[in-house]
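Dear colleague,

Please find below the structure that I am handing over to you. The notes after it set out what was found.

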Amino acid sequence: MKHDHDETDDLELFRQAAKGARPIKVDQADTGRVRTDRARLQKLRQDAVRSSGELKVDGLSDQFVIDVQPEEELAWAANGVQESQLRKLKSGQIPFDGSIDLHGMTVDKARELLWDFLAEATRLEVRCVRVTHGKAQRKDGRRPILKSHVNTWLRQHPQVLGFTSCSPRHGGTGSVYVLLKRTMLEGRDE
């Protein structure tokens with residue numbers, strides 16, 4: 001079978017189709033990813049730690065925040081809490097009945113939600129909850145903001161008996177199990 005046109009015709013057709021085309025100056029493909037607005041990101045980081053100026057009386061102080069490392073395991077127990085209770089908490093033998101995820105929030109928003117969450121858990125007589133704070137490996141080398149604040153706030157909260165970093169299946173060093181006081185509802189035999 002014979003073709004009606006030859007290779008020279010193809011070359012001429014290509015030249016006509018490409019007429020007016022200019023060479024590409026950039027040799028990288030546009031991946032569609034949004035470029036990082038570094039100035040906006042810096043402002044968001046500054047706003048996350050800046051106080052709204054509104055005085056909130058909740059008993060949680062930000063005057064002295066205990067800086068912690070991203071992978072550092074957290075553990076704390078109030079006076080009178082037995083070491084065996086903390087070991088049970090750490091090993092996951094005390095099941096958690098509620099969970100809250102704070103990472104990605106501003107410090108003020110996280111504080112407000114944590115306070116409300118612990119108040120609700122206390123009202124419902126929950127014994128253990130999980131708080132996910134994240135661990136934010138920051139590029140600037142500074143400590144994780146929310147993890148450090150949560151570590152400090154939980155030590156100050158009147159209903160918290162103790163807390164410890166979670167097992168890997170529940171968030172590892174990005175979350176803590178929190179043991180809460182209970183007043184025991186009538187008729188409960190625990």
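Is Glu 120 buried, partly exposed or exposed? With a relative accessibility of 36%, Glu 120 counts as partly exposed. Here buried means under 20% relative accessible area, exposed means over 50%, and partly exposed lies in between, with a 1.4 Å probe and protein chains only.

Please note that this is a predicted model, in which local features need pLDDT of at least 70 and side-chain atom pairs count only at pLDDT 80 or more, while totals for chains, interfaces and linings use all residues. Residues are numbered from 1 along each chain as its sequence is written, and side-chain values use heavy atoms, with hydrogens and water left out.

The chain as a whole

The secondary structure consists of 5 helices and 5 strands. Helices (H or I, at least four residues) and strands (E, at least two) are DSSP runs, numbered from the N terminus. Read from the N terminus, the order of the elements is α-α-β-α-β-α-β-α-β-β. The chain has 190 residues, of which 32% count as buried. Its accessible surface is about 13,700 Å², and carbon and sulfur atoms hold 50% of that area. Accessible areas come from the Shrake-Rupley method with a 1.4 Å probe, and for residues only the protein chains shown count as cover. Among contacts (heavy atoms within 4.5 Å), those between residues 24 or more positions apart make up 72% of the ones with a separation of 6 or more.

The sheet and its helices

The 5 strands form an open sheet with mixed pairing, in the order β1-β4-β5-β3-β2. Strands of a sheet pair through backbone hydrogen bonds, either parallel or antiparallel. Two strands are taken to pair if DSSP finds at least two bridges between them. Which strands stand at the edges? They are β1 (75-77) and β2 (99-101); each has a single partner strand, so one side of each has no neighbour in the sheet. From one strand to the next, the twist averages 20 degrees.

Strands β4 (residues 160-165) and β5 (residues 175-180) run antiparallel and are joined by 5 bridges. Within this pair, Val 160 has Leu 180 in β5 as its bridge partner.

Helix α3 (residues 83-91) packs on the sheet, where it touches β1, β3 (128-132), β4 and β5, and its direction makes about 45 degrees with that of β4. Helix α5 (residues 145-156) lies across β1, β3, β4 and β5 and runs at about 155 degrees to β4. For these angles, axes are lines fitted to C-alpha atoms, for helices over the stretch in contact, and the angles run from 0 to 180 degrees between N-to-C directions.

Lys 88 is a residue of helix α3 and is partly exposed, at 36% relative accessibility. Leaving aside residues up to four places away in sequence, Lys 88 touches Gln 93 and Ile 94.

Salt bridges

How many salt bridges are there? The count is 3, where a salt bridge is a side-chain nitrogen of Lys or Arg within 4 Å of a carboxyl oxygen of Asp or Glu.

One of them joins the side chains of Lys 135 and Glu 71, at 3.2 Å from N to O. This pair links distant parts of the chain, 64 residues apart: Lys 135 is in the loop between β3 and α5, and Glu 71 is in the loop between α2 (38-49) and β1. Both residues are partly exposed, Lys 135 at 26% and Glu 71 at 46%.

Another joins Lys 90 and Glu 73, at 2.8 Å from N to O. Because Lys 90 lies in helix α3 and Glu 73 in the loop between α2 and β1, the pair ties together parts that are 17 residues apart in sequence. Lys 90 is partly exposed, at 31%.

A further salt bridge brings us back to Glu 120, whose side chain meets that of Arg 123 at 2.8 Å from N to O. Both lie in helix α4 (residues 107-123), 3 residues apart, which is about one turn of the helix. Arg 123 is exposed, with a relative accessible area of 55%.

Cysteines

A search of the whole structure for disulfides, that is, pairs of cysteine sulfur atoms within 2.5 Å, finds 0. For Cys 128, which is in no disulfide, the nearest cysteine sulfur is that of Cys 166, 8.0 Å away. Cys 128 is buried, with a relative accessible area of 0%, and Cys 166 is buried as well, at 5%.

Yours sincerely,
A colleague
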